[in-house]
Amino acid sequence: MGPAPNHEVERHAMNGKRVLLIVSGGIAAYKALELIRLLRRQGCGVTCVLTDNGGQFVTRLSLQALSESKVYSDLFSLTDESEMGHIQLSRAADLVVVAPATANILAKMASGLADDLASTVLLATDKPVLVAPAMNVRMWLHPATQANMATLAQRGVLVVPPNEGAMACNEFGPGRLAEPPEILAAIEQILAPAPGPLAGRHALVTSGPTHEPIDPVRYLANRSSGRQGHAIAAALADLGARVTLVCGPVTIADPPGVTVRHIESAREMLDACQSALPADIAVFAAAVADWRVDQAATGKIKKQPGVAPPGLTLVPNPDILATIAAAGPNRPRLVIGFAAETDDLMANAQSKLRRKNADWIVANDVSPETGIMGGMENAVNIVSADGIETWPRLAKDDVARRLARRIAEALA
Ligand code: C5P
């Protein structure tokens, strides 16, 4: 057979990607052979590590023949300079996959044990790790295994969960290794995600509060957590947008896959936003302080017995949304502001839409009894020139996903 025609190769999204496949011991290890075949058909390079127990179920020869690559098993044979060291082995791949992953190897991963080549590679790798567990149903449901899975998930290990069904041990329930096409789909999603509807778009998002200095140690601030803005940045990135998130001081983590610019004051936020332009989309979810202290003191203001507290003279901050939304060559095509109000929500949102030249205003009631400010949920209304759309109360992540989809539709 001659070489594959070019169009065949182009279709393979995973062409040139490399997977390090760890095969641990379990009756499902035979499915690893089919997984290798599917990965090779996608143009993906596969190198296998076989554990001692895995070797009881499949042979090195089968793995080697299907992967067309040397199979590694022994930690100490790799110490030879002529061999690939375990560190190099763990990093030469784009993704490390453990399939099947036994209760034992998952427990070793969760506790950081490194007593053979597979566990050492898993501890040494700096690449994403995907596990496909397979074991008896009782072992899978055991609190120890579930606690290990929770630990691994928290550390960012990705999982193709086991299926439910009849097991080789004559029991029934969750624990069957996911089918090779299911594991392949999970690998593809990591190594070659389908381009989303916002691919090629740049989105600018602001999030969190701003801190306005009074002196070097004191500042004016508000209760914004940054949860809604961060979730919007993540949701836009999930749909394929390149996202710049300009955020004030928050305690939550930076969203993955997003360029984050950390700032403190409103003026720094405006500078960071302007230097992030041009953008196709701008979402202003930050709770920017309306005022700052006119002249922040350069040294700590001292309290002095018998002297009245200092008066603070406040001056308005620049309105970032209104500045970026003003007509001009750099105006993003879709500009979205937020209106967090405790009174006259809709009237305020509609006037903000016009006054700030925004395309949409996401309006929410932040009266203390709603628990929205700083909380996990939000109930929003989308106000635009077309009218008002009221969404149900949702988790902030779901509001973000819905908003990102709506943005993608608007720009389609
Ligand atoms: O005027 P108000 O603060 O209620 O407007 C809220 C909207 O304006 C939000 O989208 C907020 O991020 C944005 N804003 C801004 N710069 C300011 C004040 C508000 O971008 N200085």
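This is a predicted model: local features need pLDDT of at least 70, side-chain atom pairs count only at pLDDT 80 or more; totals for chains, interfaces and linings use all residues.
View 1. With 10 C-beta neighbours inside 10 Å, Glu 68 counts as exposed. Residues are numbered from 1 along each chain as its sequence is written. Glu 68 lies in the loop between H3 and E3. Helices (H or I, at least four residues) and strands (E, at least two) are DSSP runs, numbered from the N terminus. The phi of Glu 68 is near 55°, a positive value in a residue other than glycine. Most residues other than glycine have a negative phi, and most peptide bonds are trans.

**View 2. Asp 344, in the loop between E17 and helix H13 (345-355).** The phi of Asp 344 is positive as well, near 45°, and this residue is not glycine. Asp 344 is exposed, because 10 other C-beta atoms lie within 10 Å.

**View 3. The open sheet and its strand E4.** Six strands form an open sheet in the order E3-E2-E1-E4-E5-E6, with parallel pairing. Strand E3 (71-72) and strand E6 (158-159) stand at the edges with a single partner strand each, so one side of each is left without a neighbour in the sheet. Two strands are said to pair if DSSP finds at least two bridges between them. Strand E1 (residues 18-23) pairs with E4 in the parallel sense over four bridges. Within this pairing, Leu 21 has Val 97 as its bridge partner in E4, and Ile 22 stands opposite Val 98. E4 also pairs with strand E5 (residues 129-133), in the parallel sense and over four bridges; here Ala 101 has Pro 133 as its bridge partner.

**View 4. Burial of strand E4 (residues 95-101).** Seven of the seven residues of E4 are buried, so the strand is largely enclosed by the rest of the structure. In a regular strand the side chains alternate between the two faces of the sheet. In E4 both faces are covered: Leu 95, Val 97, Ala 99 and Ala 101 are buried on one side, and Val 96, Val 98 and Pro 100 on the other. Pro 100 is in E4, and the peptide bond from Ala 99 to Pro 100 is cis, with omega near -5°.

**View 5. Helix H2 (residues 30-41) and its buried face.** Lys 31, Ala 32, Leu 35, Ile 36 and Leu 39 of H2 are buried. Seen down the axis of H2, these residues fall within an arc of 150°, so they line one face of the helix; the arc is that of the directions from the helix axis to the C-beta atoms. The buried residues pack against E1, strand E2 (45-50), helix H3 (60-67), E4 and helix H9 (180-191). Just after H2, Gly 43 takes a positive phi of about 85°.

**View 6. The hairpin of E7 and E8.** Strand E7 (residues 163-166) and strand E8 (residues 172-176) pair in the antiparallel sense over four bridges. Asn 163 stands opposite Arg 176 in E8. Five residues lie between the two strands, and Asn 170 in the turn has a positive phi of about 70°.

View 7. Phe 284 is in strand E14 (residues 281-284) and counts as buried, because it has 28 C-beta neighbours inside 10 Å. Leaving aside neighbours within four places in sequence, Phe 284 is in contact (C-beta atoms, placed from the backbone, within 7 Å) with Thr 206, Ile 320, Leu 321, Ile 336, Gly 337 and Phe 338. The C-alpha atoms of Phe 284 and Thr 206 are separated by 4.9 Å, although the two residues are 78 residues apart along the chain. Of the 13 residues around the ligand, Phe 284, Val 288, Ile 320, Leu 321 and Gly 337 come nearest; a residue is near a molecule if its C-beta atom, placed from the backbone, lies within 6 Å of it. Helix H12 (320-325) and strand E17 (334-341) are the elements that give two or more residues to this shell, and E17 gives the most, with three residues.

How values were computed. A residue is buried if 20 or more other C-beta atoms lie within 10 Å of its own, exposed if 12 or fewer, and partly exposed in between; C-beta atoms are placed from the backbone. Two residues are in contact if their C-beta atoms, placed from the backbone, lie within 7 Å.
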